[in-house]
Amino acid sequence: MEKVSDETRTLHRSMRDLVALSALPAVWAGYQPRQVAEGLAEVLLSTLRLELVYLRLPGQTEGHGIEVARTAARPITTDETRNIARALAPWLDGAGINAATPIPNPVGPP
């Protein structure tokens, strides 16, 4: 029996995760936008094995958007989500790194 290489295992896992991600819209049928954002953040965090996930969904009117943040280390508070949003705003709004202000690492020291 031939051994499966690590590269092949990684490719199989990636394909399986891609198929699972493509099925999510059907799972979320009838959910509220915040529930979809929170679910997507959780799925991305675990599937992609990330340290931090931040999602921003703009609302139809100013100030009614949805922001969700998750870390692998611990839950993120609403205040920490706002701090992450402020820190990422220059990149998300197109101003770039020169306008960015540093924030404490929400997942702890490296």
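Which residues line the second largest pocket? The lining is made up of Arg 34, Glu 38, Glu 67, Val 68, Ala 69, Arg 70, Ile 76, Thr 77, Thr 78, Thr 81 and Arg 82. Helix H2 (33-47), strand S2 (66-71) and helix H3 (78-92) each give two or more residues to this lining, and S2 supplies the largest share, four residues. The space inside comes to about 190 Å³. On a 1 Å grid over the protein atoms alone, a pocket is an open set of points where a 1.4 Å probe fits, with protein on both sides within 12 Å along at least five of seven lines, and lining residues have an atom within 4 Å of a point. Grid points are joined across faces, edges and corners, and the volume is the space filled by probe spheres set on the points.

A word on the model itself. It is a predicted one, with local features needing pLDDT of at least 70 and side-chain atom pairs counting only at pLDDT 80 or more, while totals for chains, interfaces and linings use all residues. Residues are numbered from 1 along each chain as its sequence is written, and side-chain values use heavy atoms, with hydrogens and water left out.

As for the overall layout, the protein has three helices and two strands, in the order α-α-β-β-α along the sequence. These elements are DSSP runs numbered from the N terminus (helices H or I, at least four residues; strands E, at least two). Of the 110 residues, 24% count as buried, that is, under 20% relative accessible area with a 1.4 Å probe and protein chains only. Among contacts (heavy atoms within 4.5 Å) between residues at least 6 apart in sequence, 37% join residues at least 24 apart.

Next, the packing. The largest nonpolar core consists of eight residues: Ala 37, Ala 41, Leu 44, Leu 45, Val 53, Leu 55, Ile 66 and Val 68. H2, S1 and S2 each give two or more residues to this core, with H2 providing the largest share, four residues. Apart from it lies another core of five residues, including Tyr 54, Ala 69, Ile 76 and Ile 84. A core of this kind is a set of buried Ala, Val, Leu, Ile, Met, Phe, Trp, Tyr and Cys residues joined through side-chain atoms within 4.5 Å.

Val 68, found in strand S2, counts as buried because its relative accessibility is 2%. Leaving aside neighbours within four places in sequence, Val 68 is in contact with Arg 34, Ala 37, Glu 38, Ala 41, Val 53, Tyr 54, Leu 55 and Thr 81. Val 68 and Val 53 sit 15 residues apart in sequence and 7.9 Å apart in space, C-alpha to C-alpha.

The buried residues of H3 are Glu 80, Thr 81, Ile 84, Ala 85, Ala 87, Ala 89 and Pro 90, and what covers them includes strand S1 (52-57) and S2. H3 has a kink of about 30° at Arg 86, shortly before the proline Pro 90; the bend is the angle between axes fitted to the seven residues ending at a residue and the seven starting there. After H3 comes Gly 94, with a positive phi near 90°. Arg 49, in the loop between H2 and S1, has a positive phi of about 55° although it is not a glycine.

Key. Buried means under 20% relative accessible area, exposed over 50%, partly exposed in between (1.4 Å probe, protein chains only).
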